[in-house]
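Open the model in your viewer and follow the stops below in order. Each stop says what to select and what is there.

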Amino acid sequence: MLTLAPGRNNRAEKGFTLLEMLVVLAIMGIAGALVGVGLVAGRERQLLRQDAEVLSQLFMAAQAQARHQATAIVWRYGAKGFEFESVAQTPYLPVDLARHVDLSNPTLRARGWQSEEPVRVRVYPPAMAVFSREWMSGPRVVELDNGLTQVRIVRSAQGQYRVQP
């Protein structure tokens, strides 16, 4: 025969235990963190891709200006941004020793990276990026990496630059 303990009610207990509430809160916290990281990475990916698109267009502008003015234009870059410098070429000095002249083109002004993270740049072939009168001057491949995502700018056989994810 079933007997009840004294002072106990026969009805089932309603509600959640403290342990159940902590487990649910932990799961919600982990899910929220994953969504937040995904949003930040997506935004950084978009900003880095915008930087690459702008840079590919500026490469084309630098190439056109180098041909038009019969001068060399050097692309310099760092973790915070990049700039283009025009150099007066002489037949006796390499581009890195030539004197630098001011660029009058506001399109090729110094710019900062849009990405909030520092951007690492790798240029292939590894050399100074110089745009000159020659048709196939400038870097062949430029990789931009901000630690969260990576984008490549590739020069085609026709001398055009395309952004690849």
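**A guided tour**

The chain in this predicted model exposes about 11100 Å², and carbon and sulfur atoms supply 59% of that area. Buried residues account for 33% of the 165 residues.

Begin with a cartoon view. There is one helix, and there are nine strands.

Next, select Leu-55, Trp-75, Phe-84, Phe-131 and Leu-144, the residues with the most contacts inside the largest nonpolar core, which has 24 residues. Elements giving two or more residues to this core include helix 1 (18-69), strand 1 (72-77) and strand 2 (81-87). Helix 1 gives the most, with seven residues.

Stay on Trp-75. Beyond its neighbours within four places in sequence, Trp-75 is in contact with residues including Leu-55, Phe-59, Trp-113, Val-123 and Val-142.

Now turn to the charged side chains. The structure holds seven salt bridges. Select Glu-116 and Arg-43, a salt bridge whose closest N and O atoms are 4.0 Å apart. Glu-116 sits in the loop between strand 4 (111-112) and strand 5, while Arg-43 is in helix 1, 73 residues apart. Glu-116 counts as exposed because its relative accessibility is 59%; Arg-43, at 45%, counts as partly exposed.

For the last stop, select Glu-143 and Arg-122, where the closest N and O atoms of the salt bridge are 3.3 Å apart. Glu-143 lies in strand 7 and Arg-122 in strand 5. Is Glu-143 buried or exposed? Glu-143 is buried, at 7% relative accessible area, and Arg-122 is partly exposed, at 29%.

Methods: Residues are numbered from 1 along each chain as its sequence is written. This is a predicted model: local features need pLDDT of at least 70, side-chain atom pairs count only at pLDDT 80 or more; totals for chains, interfaces and linings use all residues. Side-chain values use heavy atoms; hydrogens and water are left out. Helices (H or I, at least four residues) and strands (E, at least two) are DSSP runs, numbered from the N terminus. Buried means under 20% relative accessible area, exposed over 50%, partly exposed in between (1.4 Å probe, protein chains only). Accessible areas come from the Shrake-Rupley method with a 1.4 Å probe; for residues, only the protein chains shown count as cover. A nonpolar core is a set of buried Ala, Val, Leu, Ile, Met, Phe, Trp, Tyr and Cys residues joined through side-chain atoms within 4.5 Å. Contact means heavy atoms within 4.5 Å.
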